[in-house]
Amino acid sequence: MNEEKVHDGRQKQRSDQERTSQLEAQELRRDTQGRRTASTSGESQTTDIFLGTRTTDNLRDARMMDASRDARIADASSRMQTTVTPHEAWTIGMSIDAGGKQRRRLLCYYGDDFTGSTDVLESLFRAGLKAVLFLEPPTSEQLEDGRFVKMDAFGVAGVGRSLTPDEMERELNPIFETLKAAGAAVVHYKVCSTFDSLPHAGSIGKAAEIGRGVFGGRYIPLLVGVPYLKRYTLFGHHYAAGGGTVHRLDRHPTMSRHPVTPMDEADLRLHLQRQTELPMALMDITELEGPLPQVRGNMESKLAAGQPALLLFDVLDEQRLETAGRLIWEEAGRLPADESLFVIGSSGVEYALGACWKAEGLLPEQASREDCAQPVNKLLVVSGSCSPVTETQIKHALGAGFAGIRVPVHELIHPGRAEAAREQLMEEARSLLAGGGSVVLYSAMGPSDASIGELRETLAELGIRSEESSRLLGMELGVLAKRLIAETGLTRLLIAGGDTSGYVMRELNISALECMAALTPGGPLCRAYSADPVYDGLELVLKGGQVGGERFFEQVLHGR
């Protein structure tokens, strides 16, 4: 407390000179807006950070302005006794307002489930950027916290994928306003790379309507493919790997049979037409081929002809992904400095933008990113996933020495039987963990598990909507995990299941996550921030149902 008072006192005693320097730094960003020199087709050409093209005739003047800019940044840095590098001042777009609180970032995002939210963390981590994921919308004080103030990007983990349209209105409107006020160039509504959603649950169309109302803009870019995760969009139809084979989404062995959001339509445009009346268009794979000016012309013709509110980008490979990223980044550059481009998509959005940023020299030149971590002596896995991938992982872990405990979900959600079931689970799991063993608490062993039918019957008996199963299960698993961490000294936790993980996390006393290591595509190891020392520093993996190989639980235990 005393340290906080001293810090506050120092902040209040900032000199007039420091305030003047901050204002100059802001004015500098506005005036020069990150002009840099790029090479296009062998010719030098000046572009700003948002790739708004200037003619080569202005190259000499631009270079003179760049030299002036560098000198003024150095001068302001010296007088503020801090480092304001060109990378911070124009590449990340840092700006400090008169109150000294506003900082411009590359990107902010909202994840419609928790596993997908950490997927974005991983993509930014792999690009060499610093990012943090908040479990609740951050306050301005949190963003100015010394641990987070230098972050290039931040996200908010949500549960939008399990919400009704009315619930989404209440959840998303204030969060979007918070992200808009953060001053990022791009605000991303992150959805699952398998696009699972329904008109009445996790409606992506509803999110688009809300986002358009808050952010406006010419159109909303929509990008779902992620080659890194083996997700592809071709002529508007979406494909995803499963069981070593790439399937059209409506024939995917898991997603076509998802218990909450089964995907029966692979054409993403037709799928979205069930959720919104917003007009849509497609930049297909052939229109993304060729020199950038030609591709840009293809897009502008399409926008002029149909004036779509949503523009879907095909994604097949890294080359076209980068092209889509360039088009999205250019669109962000059309907006005034105090506005953000609203984008919907998977973590492919970050991989697309990251490829563009790398090509333009906007990322750190050398980024040392770990793909492994230190091993731990025991691991707790809590699984609400019923995917065949998770089923294989559970079976493999049990064969490798993990102890398995089936969670009687139909008992836990029944008011008259919940407490006894909960205490029995606690006693068994606590004993195993205290003995140094690793434990898997699982609600189902694959999509054909009889417990899924039992749960539906219990929900119907209690008059509860089936869509509520994720929330009820997640809350119960969260309570169990919270107690087990506190009572057994666990340092690493794995949560499996995109729909349940958000509710598990909301039961823990955690405020934010930062990526530590990229263990497997879509399943990074993260470090937790918490005001409670019991949970501060806890290491977590949030795993979607389709993520990881059969040895993934062991991989998380051993850190590699």
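Modeller: Start with F235, which is found in the loop between β8 (231-234) and β9 (237-242); strands are DSSP runs of E with at least two residues, helices are runs of H or I with at least four, and both are numbered from the N terminus. This is a predicted model, where local features need pLDDT of at least 70, side-chain atom pairs count only at pLDDT 80 or more, and totals for chains, interfaces and linings use all residues. Residues are numbered from 1 along each chain as its sequence is written, and side-chain values use heavy atoms, with hydrogens and water left out.

Biologist: Why is F235 called partly exposed?

Modeller: Buried means under 20% relative accessible area, exposed means over 50%, and partly exposed is in between (1.4 Å probe, protein chains only). F235 has a relative accessible area of 44%, so F235 is partly exposed. Its phi is near 50°, a positive value in a residue other than glycine.

Biologist: What makes F195 buried or exposed?

Modeller: The relative accessible area of F195 is 0%, so F195 is buried. F195 lies in the loop between β6 (186-190) and α8 (204-215). F195 also has a positive phi, of about 60°, although it is not a glycine.

Biologist: How much of the chain counts as buried?

Modeller: Of its 560 residues, 57% do. The chain has 19 helices and 20 strands.

Biologist: Why is α17 called oblique to α18?

Modeller: The axes of α17 (residues 469-488) and α18 (residues 498-507) come within 7 Å and cross at roughly 45°. Axes are lines fitted to C-alpha atoms, for helices over the stretch in contact, and angles run from 0 to 180 degrees between N-to-C directions. Angles under 35 degrees count as roughly parallel, over 145 as roughly antiparallel, 65 to 115 as roughly perpendicular and the rest as oblique. Therefore α17 is oblique to α18.

Biologist: Which residues of α17 and α18 meet?

Modeller: Contact means heavy atoms within 4.5 Å. Among those that meet are L473, L477 and K482 in α17, and Y503 and E507 in α18.

Biologist: What makes a set of residues a nonpolar core?

Modeller: The set holds buried Ala, Val, Leu, Ile, Met, Phe, Trp, Tyr and Cys residues joined through side-chain atoms within 4.5 Å. The largest such core has 134 residues, and F313, L441 and L513 have the most contacts inside it. Helix α17 gives the most to this core, with seven residues. A second, separate core of 20 residues includes V376, L494, A517 and V541.
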